[in-house]
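This briefing is meant for a reader who is meeting the structure for the first time. Please look through the sequence and the model below before turning to the notes that follow.

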Amino acid sequence: MSPPLLGVEEEVQSSVSSPSVECISENGMGLKERNYLGLSDCSSVDSSGVSSNLNLATELRLGLPGSQSPERETEFCLLNLGKLDEKPLFPLLPSKDGICSSSQKNVVTGNKRGFSDTMDGFSEVKGYVYTEKSWMFHEAGSDSESPQSVGHGKYPGNSGVNVILSTRSPGVQASVKQDEPANVLQEQPRATNGTSLKQTVISNNTTGAPAAKAQVVGWPPIRPFRTKTLAASSKNNDEVDGKPGPGAVFVKVSMDGAPYLRKVDLRTYSTYQELSSALEKMFSCFTLGQCGSHGTAGKEILSESRLKDLLHGSEYVVTYKDKDGDWMLVGDVPWEMFIETCKRLKIMKSSDAIGLAPRAVEKSKANNKKEFGYGC
Amino acid sequence: MNYFPDEVLEHVFDFITSHKDRNSVSLVCKSWYKIERYSRQRVFIGNCYSISPERLIARFPGLKSLTLKGKPHFADFNLVPHDWGGFVYPWIEALAKSRIGLEELRLKRMVVSDESLELLSKSFVNFKSLVLVSCEGFTTDGLAAIAANCRFLRELDLQENEVDDHRGHWLSCFPESCTSLISLNFACLRGEVNLGALERLVSRSPNLKSLRLNRAVPLDTLQKLLMRAPQLVDLGIGSYVHDPFSEAYNKLKIAIQRCKSIRSLSGFLEVAPHCMSAIYPICGNLTFLNLSYAPGLHGNKLMKLIQHCRKLQRLWILDCIGDKGLGVVALTCKELQELRVFPSDPFEAGNAAVTEEGLVLVSAGCPKLNSLLYFCQQMTNAALITVAKNCPNFIRFRLCILDPIKPDPVTNQPLDEGFGAIVQSCKGLKRLSLSGLLTDQVFLYIGMYAEQLEMLSIAFAADSDKGMLYVLNGCKKLRKLEIRDCPFGDAALLEDVGKYETMRSLWMSSCEVTLGGCKAVAEKMPSLNVEIIDESEQMEFNLDDKQKVDKMYLYRTLVGHRKDAPEYVWIL
């Protein structure tokens, strides 16, 4: 899943607590606002890539000591950028998992959203935020909750957490740059007396489901030369081969009328329904005008074989481009086969989808629905 | 032995080649010390700050080959600031001024400037071999100087260096008279190379045995090079992208088949998987295969390739091979001794495609396995125990679970027992890197069983000082200890400061040691340099002894404080 990009570009070795200190969510104190890290505050926010809107989605979130992570239920909407008082944009770990036990060790993630809980008396603990791999995760049904780290003992605090805030431009690994730390350091909020970190975080160790992304300085221990070279190779090979390793199947998702594309990892879903919910969440804001109340219709359990049914009431259908380059309607073939052959997804207007799925047209005609489209 | 003339002893010493043995020989008596030092040609210095070039030159006037290592190992992972040190210039300068007839220089993690390369190239008439590993600070201009001036150059081996590439002309700087090349490795260069010059160079190098190309060398040039150098033993392919139906590809197939001596294959920095069948003819002879820079190669194509490699002894691969692919390795590569599995997507912890299963499969199928570097999604105690039983011969065992404090996902327990089994079973273990959720217990095991352990890397582990104490007390042969993010403090650090003199170095970052503790070590042990690396400038303002130290690097030395430390390094 190619996430929206984080603000700070370089890897930061910070002997102060992470920048999030400044923009901490203060739910534990009764406030409902969510001030996403670095949104407007950190001038180091760099919207590399598509749109700075996307940064919001992956800002690092750390909470104050004693606070618990807030519930996140509301839908993610890319366009709700400036509205900080909107509900959180995408689902994260439920708050119960935000509770940090004293014995847990944690790892910081800069790139993905995360949340942290802090514990009183944990000033010794190093703050590392484990974040979920992606917000889609939640939808996909494979919960990443149940932090498993039976942790041991204190995690020594020291002169601070090492935070990596890195962007992930497509095809580029979070590469380390060594000439930036000073800069970012200055822009970041001061240390809490420079020694201990006041935040602790849950370490989100999951088994099967895609685990959280650890972004600690120097971890995993790989030479930057290697990551840079691999990134460059991957870029080239994507053009050659068109498909990354079996671990992930990323395909671009475009939608008519949307200003930018998204990418999804098909392997994170196991059914068409999961995919469609995810897509709907991703793009619902673009069709707010049309979807209206129908937006929630997609959450109902519907037949798996017809993805279009999930966009019940909207004018959109989901199509994909297969290995041969043909545009097909999503939902016809078994899921596993679909993953193997799908190269790209496109959400198009039903009116453009004429000819793709004659059966659909017949069906709607047969059902005597309103004009073209998969009627409600 | 006193009755033998010096020449005889010298002759006897000629047969003693290992550095350790020669060092031991020199300690026997004054006479042996003298004979040994005059006959010594190869010197290895594991920490360039432990000795000065002047003393080196004074002791070994016959020096021909020098190996130097600079920055501490964790510099590889960006834990050491850029200009911390490790400059080679003073060494080259001192050697140049002396009468040393240097022929070989091997550097690792050092800062090498163009100036040093130029000085090197002009100062030693018989200079033959330059090997740079993970170095930085030079450009292709420096390489041009080496090419132009070293008339008898045999080896130019650049491994994973950060080189500022000024594009291509350096290859043309090898004079027409240069015909002595045996090994040329420029795979790490990112820029264009003069392909014509490359072809001519290879043509006039009949002794060329090792050739590793960079990404900029396309398939058709590769084919031409192979036609001219069928005697190659080690080949690194740059770009391997072509239309399988093209003439160039056919020619390549023929060229490859002529290369019956190739035993080592690497590169594939760009690869079109459907062209791999051309390689099959040489796979059967390969003993080393490095595909760790070829993410484009995976799935069935990769497995098919591996299935041809029955004699493989060393395999470096990306984790997109998957557990299933490792199963194929286990079935095919019965001679396998070394396996390295790198992550293709290191920062996406969820995507690592190998787990404990792959490792268990390999351990079961490859009983000769003795060296491992394994980046994986997860590990279980049961798997480690099985691996320990299957492969008791491990010399190097480095496990990196991408989530650094992940417990055994099946039992939710720390991985103490698993690693404990490894150290108990592998009596010859010399190098160990730990990861996953670990308590003090694992260190108890290490202290108890890892008698031959020389290098230990610890991250995000342990509960208390006891962990470090178990190791320091137990591992008698420990030379390098590097620790990050563990709760070890002054009590552990100060328990036995004399121990550090028996070791090359100790690195501790993000632990609990304080400035006061470090000062105490420095005071008690004048033969150690205790360096505090602190970039945040806190040290300037707050010299409180209770202040925790972010990074400490201490090492034994014969020459006291170094003079080239940057501002943010305090040597106590």
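Among contacts in chain A (heavy atoms within 4.5 Å) between residues at least 6 apart in sequence, 73% join residues at least 24 apart. The model is predicted, with local features needing pLDDT of at least 70, side-chain atom pairs counting only at pLDDT 80 or more, and totals for chains, interfaces and linings using all residues. Residues are numbered from 1 along each chain as its sequence is written, chains are lettered from A and ligands numbered from 1 in the order in which they are written, and side-chain values use heavy atoms, with hydrogens and water left out.

**Chain A as a whole**

- Chain A has 7 helices and 5 strands, where helices (H or I, at least four residues) and strands (E, at least two) are DSSP runs numbered from the N terminus.
- Read from the N terminus on, the elements of chain A follow the order α-α-α-β-β-α-α-β-β-α-β-α.
- Of the 376 residues in chain A, 59% are buried, a term that stands for under 20% relative accessible area, with exposed meaning over 50% and partly exposed in between (1.4 Å probe, protein chains only).
- The accessible surface of chain A is about 13900 Å², and 50% of it belongs to carbon and sulfur atoms; such areas come from the Shrake-Rupley method with a 1.4 Å probe, and for residues only the protein chains shown count as cover.

**The sheet of chain A**

- In chain A, 5 strands form an open sheet with mixed pairing, in the order E2-E1-E5-E3-E4, two strands being paired if DSSP finds at least two bridges between them.
- Strand E2 (262–265) and strand E4 (327–329) of chain A each have a single partner strand and stand at the edges, so one side of each is left without a neighbour in the sheet.
- From one strand to the next, the twist averages 35 degrees.
- Strand E1 (residues 250–255) and strand E5 (residues 344–349) of chain A pair in the parallel sense over 4 bridges, and A:Val253 stands opposite A:Leu345 in E5(A).

- Strand E15 (residues 371–376) of chain B is mostly covered, since 6 of its 6 residues are buried.
- From E15(B), B:Ser371, B:Leu373 and B:Phe375 point one way while B:Leu372, B:Tyr374 and B:Cys376 point the other way.
- Strand E14 (residues 338–342) of chain B runs parallel to E15(B) and is joined to it by 4 bridges, with B:Leu373 in E15(B) as the bridge partner of B:Arg340.
- E15(B) also pairs with strand E16 (residues 396–401) of chain B, in the parallel sense over 6 bridges, and B:Ser371 stands opposite B:Arg396 in E16(B).

**Aromatic pairs**

- Over all chains, the structure holds 22 aromatic pairs, counted when rings of Phe, Tyr and Trp (its six-membered ring) have centres within 6.5 Å, with planes under 30 degrees apart called stacked, over 60 edge-to-face and the rest tilted.
- A:Tyr272 and A:Trp335 form an edge-to-face pair, 5.1 Å centre to centre with 85 degrees between the planes.
- This pair links distant parts of the chain, with A:Tyr272 in helix H4 and A:Trp335 in helix H6 (residues 335–341) of chain A, 63 residues apart.

Conventions: Axes fitted to C-alpha atoms, helices over the stretch in contact; angles between N-to-C directions.
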